[in-house]
Amino acid sequence: MKRGRFYNSPVLNVRMPLWRSRLVLILLMLGFVALIAKTMYLQGMSKDFLQQQGERRYERTLVLPATRGKIFDRSGSVVLASSVPARAIWAIPEDTKEADPKQIAALAKLLDVPLGEVQRRLSNEDKNFVYLKRQVSVDLAEQIKKLKIPGIHQQAEMRRSYPEGGVTAHIVGFTNIEDHGIEGMELAYDSELSGQPGSRRVIKDRLGRIVEDVKAVVPPVDGQDLSLSIDAGMQFDAYSALKKALEEHQAKSGAAIVVDVQTGEILALVNLPTYDPNDRDDRKGSALRNRAITDTFEPGSIMKPFTAALALDLNRITTSTMFNTGNGHYRYQGSTISDVSRNGVLNVAGILRRSSNIGMTMISELLTSQEMWTKFTQLGFGRAPQANFPGVASGRLRPWERWRPIERATMAYGYGLSVSLLQIAHAYTAFARNGDMVSLTLLKRHGKPTSVQVYSPRVAGLIRAMLEAAAGPDGAKLAQVQGYRVAGKSGTARQIVNGHYSTTRYRGSFVGFAPVSNPRVVVAVTIDEPQAGGYYGGRIAAPVFSTIVSSTLRRMGVQPDAPIDSLVAVGPKEEAAR
């Protein structure tokens, strides 16, 4: 009964109009047509646009870093700078929320970063990438990896290593966190050392995993290696000798340079105090200064040979011309010029040997300001040396038109102008050679060096003999070297404090060359503000010169040119010429 009523329901017996069923069919067909049209549009006309949008979201260009070139000493066997594998520790802050606080504390301890700083960086959940520390050693990175902290990741990178540390710091320099040179040869030859990075275009999924390569890989071009003129052994010897002197005399600072006379290569260049380029916290303050190249000072008596050579070259004096220096005090242009002791009548050799300021004043009266300025300029004073090294100082040499007679006199014996130790060492190559200055370089030289003639060979030979006497029994005795004939000049300069020359602050220097029979090296040493054991250049700098010359010539295999029994025995308290 119920079953019959169900089939006889008036709702089921209603017949739909034909036009409504057709309308529904048409709407369904139009929907399918629209979907097909949209599909064709997306697959056809909008294909490139959509692919581009997809690539923007998932395609990445990976930079393939080039390996920075190594820096070697002149032998090619001692590495002064190289790149070693390291790791950058980074985090996704949001993913570290569930990390155990003890794990975060352990991480901070391993990174040597304050726990509060690590927590501060991880609390910034708006960022999806934050560095915790870069250039972490591989061993330390492995310890961090074992902590298995969620959200903490690692990225491979390179870190610069300097095996010789502070011994060569001022020459080699260092790089920044991005591996770009910012000091020394690392800066001067940054483009050559850096090379060219490569690239790799890839598609990554949402988890950062590489799915496929889009384009061919462009391989990186590694940086070039550099071979310096520096000899690592000679550098260490010079460093040790200078360090010992600074400690003995409680000096503020010091510098030393060794130049190969024949090639112009700088074999050693030392500055103290120094710093460790491997320690980023140590790269600060005055220790960064390359004093031998960037600092200038009034040279004092080490300038006297240049004035004497000029007078000889212009035939204003001869080796037999005599000068009466009197009792050690000389009134000139309203000022009193003094010598350390009474020297009486001296020829030019005696003036250099006794380091007479009065004698140099008398020689300067035979020269014009323009003649002296021209010669000093030819010697490289007052202009930056032609060396591809950052921060090279030009020194100060005022225009000759503004020189007063008293200034001409003081410049003759090393006051009133300023020079760098590099400039003075360079100028002394003229006496070690045949009157020509050889061009300097900090890179190992393969070809023949250029030179500039500044004095005649005859005059260079005369001054060479005078400087040998100046470093002999009656001169700077402490500069002598067992088995070798040496030549050189000491210098002691008072320093300007508050516009006046100080009576307590001095700079002692010594510059010379050896062996005299066939000079191979020029060595220049300067020590600033010694506080103990004297301050004269012949007392504090000459022994450093002697030690450096001795070790350098033996490393070079240079045969002795002086009998051992000809040397003068020197007591520790004997003073040298000023």
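This report covers the fold, cores, surface, salt bridges and backbone geometry of one predicted model.

## Basis

The model is predicted, so local features need pLDDT of at least 70 and side-chain atom pairs count only at pLDDT 80 or more, while totals for chains, interfaces and linings use all residues. Residues are numbered from 1 along each chain as its sequence is written, and side-chain values use heavy atoms, with hydrogens and water left out.

## Overall make-up

The protein chain has 578 residues, and 47% of them are buried. Buried means under 20% relative accessible area, exposed means over 50%, and partly exposed lies in between (1.4 Å probe, protein chains only). Secondary structure comes to 20 helices and 19 strands. These are DSSP runs, numbered from the N terminus: helices are H or I with at least four residues, strands are E with at least two.

Take the contacts between residues at least 6 apart in sequence: 71% of them join residues at least 24 apart. Contact means heavy atoms within 4.5 Å. The accessible surface is about 28,800 Å², and carbon and sulfur atoms hold 53% of it. Accessible areas come from the Shrake-Rupley method with a 1.4 Å probe; for residues, only the protein chains shown count as cover.

## Nonpolar cores

The largest nonpolar core has 87 residues. Helix H17 (residues 421–432) supplies the largest share of this core, nine residues. Phe306, Phe376, Ile424, Tyr428 and Ile463 have the most contacts inside the core. Apart from it lies another core, of 37 residues, including Ala256, Leu267, Val270 and Val558. A nonpolar core is a set of buried Ala, Val, Leu, Ile, Met, Phe, Trp, Tyr and Cys residues joined through side-chain atoms within 4.5 Å. In soluble globular proteins, nonpolar side chains tend to be buried together.

## Helix H18

Helix H18 (residues 457–470) has 14 residues. From first C-alpha to last it reaches 20 Å, close to the 20 Å expected at 1.5 Å a residue. The expected span is 1.5 Å times one less than the number of residues. Buried in H18 are Val459, Ala460, Ile463, Arg464, Met466, Leu467 and Ala470. An α-helix has 3.6 residues a turn, so residues three or four places apart point the same way.

The cover over these buried residues includes helix H12 (304–313), helix H13 (348–354), H17, strand S17 (487–497) and strand S18 (500–514). Ile463 touches Pro305, Ala308, Ala309, Leu312, Leu352 and Phe431, leaving aside neighbours within four places in sequence.

## Surface patch

Trp19, Leu23, Ile26, Leu27 and Leu30 form a nonpolar surface patch with about 540 Å² of accessible area together. Patches are made of residues with over 30% relative accessible area and no salt bridge; like charges are joined within 9 Å, nonpolar side chains (Val, Leu, Ile, Met, Phe, Trp, Tyr) within 5 Å. Ile26 lies in helix H2 (residues 18–43). Ile26 is partly exposed, at 46% relative accessible area.

## Salt bridges

The structure holds 19 salt bridges. Each is a side-chain nitrogen of Lys or Arg within 4 Å of a carboxyl oxygen of Asp or Glu. Arg74 pairs with Glu265, closest N and O atoms 3.1 Å apart. This pair links distant parts of the chain, 191 residues apart. Arg74 sits in the loop between strand S2 (71–72) and strand S3 (79–91), Glu265 in the loop between strand S9 (253–260) and strand S10 (266–272). Glu265 is buried, at 2% relative accessibility.

Arg134 pairs with Glu178, with a closest N and O distance of 2.9 Å. Arg134 is in strand S4 (residues 130–136); Glu178 is in the loop between helix H7 (169–172) and helix H8 (184–188). Glu178 is partly exposed, at 45%. Arg398 and Glu407 meet at 3.0 Å, N to O, and Glu407 is buried at 17%. Arg68, Arg160, Glu186 and Asp190 are linked in a network of salt bridges.

## Backbone geometry

Most residues other than glycine have a negative phi, and most peptide bonds are trans. The Leu272 to Pro273 bond is cis, with omega near 5 degrees. Pro273 is in the loop between S10 and H11. The Ala514 to Pro515 bond is also cis, with omega near -15 degrees.

Gln135 has a positive phi, near 55 degrees. Gln135 lies in strand S4 and is buried at 11%. Asp179 has a positive phi too, near 70 degrees. Asp179 is in the loop between H7 and H8 and is buried at 16%.
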